[in-house]
Amino acid sequence: MKKILCLAVCVALMMLTLVGCANDDIGGFLNKYNYKPSKVEDVTLEMYIVTDTATVSNAMITVNRMLSQYTAAQFHTTLNIHYYTEDQYETALKNALDSEAGADIFLINSVSLYNELAAAGKLANLLNYLEGKTYGTLNTQIATSLLEAARADGKLLGIPNNHVVGHYEFLLIDKNASQALNYAPGDVRNFKTEEDIADLRRDMEDNGYTVADCIKYVDGAYSDIARYEAEGYYCNVVTNPVATVEEAFSSAFAISANCAKPDRAMEIIYAINTDQTVRNMLQYGVKGTNYELDESGSVVRVDSGENVYHMNIFYTGDIFRALYCEDIGWTATEAENGRAQNRDSVAYVAPADTGEATGEEQ
């Protein structure tokens, strides 16, 4: 595995003459976004994220530079993006949080990392930001179940990256078999429990049907409903997708409790979730350099040379704001099904006697 560089804007600027810029020089890129100095304070934030092993250092430098120019123009905030592979990330992040340089914005990619940083008091509470009108749209944009699952003890210590939540439990019942045994479709579609299907199961056994093929419980996604129905089953939803704290913090952006400018850091997290330029540049890089669009508008990523920039789409913001990319399985159909699945999702509620933090069903 190649050595992954920890990149900072100062390094990027030193290497400008060595890096092939996308389609613009620095001034041209800023002019595109009508950058005008104002009285808003210019700040620099340290950002830590996970990259795939395929990403090369030249691509990191290019993306850091171009993305930072955009955030400087739009938000007066320069980003020093530090890229690490998944196996290196946790150690690098902890070292940064314990150092003088610090880490302002960072990815949380496991509940164990979340629990450790939360217990150590390393995470800023972001709940108040979502209660104001400036960032309140995240309450409706990100799946409610994820946001509820991420809350604990009246705090929200990270903003989950919106994605398709959980899975369903389905009860599949063979249509032809049940109808042959004189069970009305309207009745069968309401069956969910073993008690509901007891008579049907007995009648199938008495009439020579292979019950294991005719009645079964399976896990699946929203997209599976139509497939099972087409295969000749009634597909009854037994349980809806459930967002757990483990899922919420499998991918979330947090702000350090020691961040000097948490409001500006939150502005960047908000942009990752709502600004498609920020979201797609962080995920795919710079168009014309790190990727192109095919005739259908789907991303075709560079897969060789010095401009390879490959990121995990679940680690870089709201998946529903990302450009479609068929080679990683993100398509318009997947997005449509995912939105429907999220509307059905609920937050996990711990049993009352466990002492675990709870969310509320939506």
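In the protein chain, 75% of the contacts (heavy atoms within 4.5 Å) between residues at least 6 apart in sequence join residues at least 24 apart. The model is predicted, so that local features need pLDDT of at least 70 and side-chain atom pairs count only at pLDDT 80 or more, while totals for chains, interfaces and linings use all residues. Residues are numbered from 1 along each chain as its sequence is written, and side-chain values use heavy atoms, with hydrogens and water left out.

The secondary structure of the chain comprises 17 helices and 14 strands; these are DSSP runs numbered from the N terminus, with H or I over at least four residues for helices and E over at least two for strands. Of the 362 residues, 50% are buried, a term that stands for under 20% relative accessible area with a 1.4 Å probe, protein chains only.

Helix α15 covers residues 262–274. Because 10 of the 13 residues are buried, α15 is largely enclosed by the rest of the structure. Among the buried residues are Arg-264, Met-266 and Tyr-270.

Asn-290 lies in the loop between α16 (276–284) and β12 (291–293). Its relative accessibility is 0%, so Asn-290 counts as buried. A polar atom of the Asn-290 side chain lies 2.7 Å from the backbone nitrogen of Val-286, and one lies 2.9 Å from the backbone oxygen of Asn-307. Beyond neighbours within four places in sequence, residues in contact with Asn-290 include Ala-59, Val-63, Arg-301 and Tyr-309.

Methods
The expected span of a helix is 1.5 Å times one less than its number of residues. A polar contact is a pair of N or O atoms within 3.5 Å; within protein, one must be able to donate a hydrogen and the other to accept it, and residues adjacent in sequence count only if both atoms are side-chain atoms.
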